[in-house]
Amino acid sequence: MTEWDERVPGRRWTVRLDPVGRGSAEVRVTCSRPACAELRLPSATAGRAAAAAHLMAHLRAAPAPGAGTYCACRAEGCRAHLPGTGGQARTEPWRCGGPVVLAVVTDRAGRWWQALECCSTCAAATPGARTADPSRPSGPRTTARPTPAAAGPGGPRFSDRQVAAGAAVPAPRPEPTRRCRPPEERVGRRVIPRDLRPVSLRDELVELGDLFRAYQKRAEPDLAMLAGLQERKARAFLTWSAVSCDVTLRLEATRAERAAAVIRRQHQHRTGCVTDGDEPGVVRLLTVPKQWDYARSVLAYVAAHAPLPGPEARLLVLMLTLRTAHSGTGNLVGQDLSGLGLTDPEALVEQLTGCGWLDLPGTVGDLLTSRPENPTPITVPSLTPDAAAPLTFGRKTRPKLSGWAQRVVSDKKLRKAKAPAGTRLLALTLATRTDLAGHLGPGGEGIALSTLAEQVALPPGELPPLIDRLTALDWLTETVLTDTHLTARLTERVLPLTCPLLE
């Protein structure tokens, strides 16, 4: 019997992660070792952690590969055992190479982990394999082969060769010193040469690259800024093309010029600043500046002549004024009142009728239960033609203003969030105090909180919660609130409801 016949195959065990069954997130962890019990975990993440910990416990407890151990993989699909070119098939266990090591192989999908004792050649030929421990040296034996030097601590030890006692350990090869080159400067996909001249051109290109990267990190787009960056890029690339005689740079400059023109045009359409004869980019519900002024005049009139205090009464008076303006009479249904976010609409209407500001042909209950097919006629005596006409817009303008106010207070997000009357009245007020781009105040300078408090019939200290709510409901963005002013911009989705200030 030869020495190779006395060797034993290497150990092998597998830890698996399998689902428990359909409709359940639980997984089970099983081990091929007979003494290991099955584990059940609530999730795949916990199962992978438990499987890895189980395998690590086996690796710590398992002894190092013995001297009489040969490769456990044998010829079972191992790349190191595949037939050679022109020679005999490498299927004998001693055709492996190097020491026997304890290797760990895992599935890419994280479904199984396998530990096996194999030679270092097979471990190197197995994708993803990691070695845990080499084999111990065998006992002394007579051999004609030269005795190699002993490996250092932790290094591989050959099981078929005796380690020479007291042999010198060679010093490890020093790692080569790596020189860290400075990162390349880029503008777009173009690398800016370090020796580009003039230096001012290179500085301009580097700055443009930084500005474009900073713009990509912005939370909100700024088309005017982007158009300016594209124009600067076109000029810089034209100069770069002339210096380097690169035609492709000139082509990129032309593309940047076209991009700047398109972006500038988009910005004009978005803000409504278009030339004569072109359609505006933002199609507003109120289309002409005269209607915007009328909307502001109604808000100012109601703020000065509301018969009852508080934001709920102010909002109801505003909606009834728009419904009855020009003739003093109009039709109303219960749904018109229930959609305003009023706490007690019945009591509020009774107060308006009790003070003589509103006349009803029946009871308040009849008004609240009326349907569109049978509306309730209402009358506001202060708006009849017999009284001094406080509002000067015509008969055709009134339904447009009333429809605009109804669209604002019944905005989808305000309605779903069941916003109170104060929030809806503030949204109406802010819609009439923006510039063409949606920034609040003349020239986007913001609005004084005292002005808003006067319009909404609330103390200035109670406005911040309403402003925060409008910001959360995607009505305001870029909100900056100080002790005295509010600076913000109306979002894109509500720009059609705005009445810009043309000052």
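Start by selecting Arg 296 and Asp 293: their side chains meet in a salt bridge, with N and O 2.8 Å apart. A salt bridge here is a side-chain nitrogen of Lys or Arg within 4 Å of a carboxyl oxygen of Asp or Glu. Both residues sit in helix 7 (residues 289-305), and because they are three residues apart there, about one helical turn separates them. Helices (H or I, at least four residues) and strands (E, at least two) are DSSP runs, numbered from the N terminus. Arg 296 counts as buried at 17% relative accessibility, while Asp 293 is partly exposed at 41%. For those words, buried means under 20% relative accessible area, exposed means over 50%, and partly exposed is in between (1.4 Å probe, protein chains only).

A quick note before moving on: this is a predicted model, in which local features need pLDDT of at least 70 and side-chain atom pairs count only at pLDDT 80 or more, while totals for chains, interfaces and linings use all residues. Residues are numbered from 1 along each chain as its sequence is written, and side-chain values use heavy atoms, with hydrogens and water left out.

Axes are lines fitted to C-alpha atoms, for helices over the stretch in contact, and angles run from 0 to 180 degrees between N-to-C directions. On that scale, under 35 degrees is roughly parallel, over 145 roughly antiparallel, 65 to 115 roughly perpendicular, and the rest oblique. Show side chains and you'll find Gln 291, Tyr 294 and Ala 295 of helix 7 meeting Thr 397, Lys 400, Leu 401 and Trp 404 of helix 12. Contact means heavy atoms within 4.5 Å. By class, this contact has four nonpolar, two polar and one charged residues. Here Ala, Val, Leu, Ile, Met, Phe, Trp, Tyr, Cys and Pro count as nonpolar, Asp, Glu, Lys and Arg as charged, and the others, Gly among them, as polar.

Next up is another helix pair: helix 14 (residues 421-431) and helix 15 (residues 449-456). They pack at an angle of about 120°, with their axes 10 Å apart. The two are therefore oblique to each other. Gly 422, Leu 425, Leu 426, Thr 429 and Leu 430 in helix 14 meet Leu 452, Gln 455 and Val 456 in helix 15. Sorted by class, the contact of helix 14 with helix 15 has five nonpolar, three polar and no charged residues.

Now hop to Arg 264 and Glu 231, which form a salt bridge with their closest N and O atoms 3.1 Å apart. This pair links distant parts of the chain: Arg 264 is in helix 6 (residues 247-271) and Glu 231 in helix 5 (residues 223-244), 33 residues apart. Arg 264 is partly exposed at 28%, and Glu 231 is partly exposed at 31%.

While you're here, pick Cys 245, in the loop between helix 5 and helix 6. Its phi is near 60°, a positive value in a residue other than glycine. Cys 245 counts as exposed, at 67% relative accessibility. Most residues other than glycine have a negative phi, and most peptide bonds are trans.

For a peptide bond worth a look, go to Arg 197 and Pro 198: the bond from one to the other is cis, with omega near 5°. Pro 198 is in the loop between strand 10 (190-191) and helix 4 (199-216).

Last stop: which residue does Arg 489 pair with in a salt bridge? Select Glu 478, where the closest N and O atoms of the pair are 3.3 Å apart. Arg 489 lies in strand 15 (residues 485-490) and Glu 478 in strand 14 (residues 476-481), so the bridge ties together parts that are eleven residues apart in sequence. Arg 489 is buried at 3%, whereas Glu 478 is partly exposed at 40%. Glu 478 also has a positive phi of about 55° although it is not a glycine.

Finish with Thr 491, in the segment after strand 15. Thr 491 is buried, at 7% relative accessibility. Leaving aside neighbours within four places in sequence, Thr 491 is in contact with Asp 474, Trp 475, Leu 476 and Thr 477.
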